[in-house]
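Visitor: I would like to learn how to read a few features of a structure. Please take them one at a time.

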Amino acid sequence: GSGSVAIEMALKATGGEVYAIERKDVAVELLRENTRRFGLENLTVVPGLAPEVCRELPAPTHVFIGGSAGNMRQILEEILGKNPNARIVATAVTLESIAELTQCMKAIPFAFTEVVSMTVARDRKAGPYHLMMGQNPIFIFTMQGGNRECGHSTP
């Protein structure tokens with residue numbers, strides 16, 4: 001919602017272009033404000049819903065998907081249609097998103113896939129003690145397009 005991933009990517013990709021697709025108007029404005037604040041000329045904010053707005057964008061080499069509004073399969077197919085060798089990272093926190101991404105990994109012939117689950121715990125004071133309270137886990141899906149010559153292999 002704040003565009004923090006897009007901002008970080010644009011800061012790192014000094015020789016590249018970053019396109020941030022956002023469907024919520026409030027998030028679009030915040031992302032534009034953060035783009036100005038950080039002086040990022042290589043970040044373009046694209047209002048709208050993927051995969052529709054993806055059709056007008058250049059072929060990507062790398063893609064980060066932080067949400068899909070239930071359109072994950074169509075988004076992945078659009079990306080791979082433009083660049084069959086694209087490297088894609090998608091995050092999921094809901095069971096529905098995890099199931100959707102798992103189905104996509106089975107249905108699409110990726111050359112490489114990996115899923116990592118991460119959990120963070122924060123402390124909470126309980127009298128003289130500190131308890132570690134688990135936060136929601138996040139699942140990070142990495143998928144490489146169909147070119148098996150890309151230099152990546154399954155772990």
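Visitor: Is arginine 73 buried, partly exposed or exposed?

Guide: First, a caution: this is a predicted model. A residue is called buried under 20% relative accessible area and exposed over 50%, with partly exposed in between. Arginine 73 has 36% relative accessibility, so it counts as partly exposed.

Visitor: Which residue forms a salt bridge with arginine 73?

Guide: The partner is glutamate 77, and the closest N and O atoms are 2.7 Å apart. Glutamate 77 is partly exposed too, at 40% relative accessibility.

Visitor: How should I read the spacing of two partners in a helix?

Guide: An α-helix has 3.6 residues a turn, so residues three or four places apart point the same way. Here, arginine 73 and glutamate 77 both belong to helix α3 and are 4 residues apart, about one turn of the helix.

Visitor: How many salt bridges does the structure hold?

Guide: There are 4 salt bridges. One of them joins glutamate 29 to arginine 32, with 3.3 Å between the closest N and O atoms. These two residues are 3 apart in helix α2 (residues 25-37), which means a separation of about one helical turn. Glutamate 29 is partly exposed at 44% relative accessibility, and arginine 32 is partly exposed at 30%.

Visitor: Which residue does glutamate 78 pair with?

Guide: Glutamate 78 forms a salt bridge with arginine 55, the closest N and O atoms being 3.5 Å apart. This pair links distant parts of the chain: glutamate 78 is in helix α3, while arginine 55 is in the loop between β2 (43-47) and β3, 23 residues away. Glutamate 78 is buried, at a relative accessible area of 17%, whereas arginine 55 is partly exposed at 46%.

Visitor: Which residues of α1 are buried?

Guide: To read a helix, list its buried residues and then look at their directions around the axis. In α1, Ala6, Ile7 and Ala10 are buried. Their arc around the axis is only 100 degrees, so they lie on the same side of α1.

Visitor: What do the buried residues of α1 pack against?

Guide: They pack against β1 (18-22), α2 and β2.

Visitor: Which residues form a nonpolar patch on the surface?

Guide: Val5, Met9 and Phe64 form a nonpolar patch with about 210 Å² of accessible area together. Valine 5 is in helix α1, residues 4-12. At 36% relative accessibility, valine 5 counts as partly exposed.

Visitor: Where is glycine 67, and how accessible is it?

Guide: Glycine 67 is in the loop between β3 (62-65) and α3 (72-82). Glycine 67 counts as exposed because its relative accessibility is 56%, whereas asparagine 71 counts as buried.

Terms used. Residues numbered from 1 in each chain as written. Predicted model: local features only at pLDDT ≥ 70, side-chain atom pairs only at ≥ 80, totals over all residues. Heavy atoms only, no water. Buried < 20%, exposed > 50% of the residue type's maximum accessible area, 1.4 Å probe, protein only. Patch = residues over 30% accessible without salt bridge, like charges linked within 9 Å, V, L, I, M, F, W, Y side chains within 5 Å. Areas by Shrake-Rupley, 256 points an atom, 1.4 Å probe, with all protein chains shown as cover. Salt bridge = Lys/Arg side-chain N within 4 Å of Asp/Glu carboxyl O. Arc of directions from axis to C-beta. Contact = heavy atoms within 4.5 Å.
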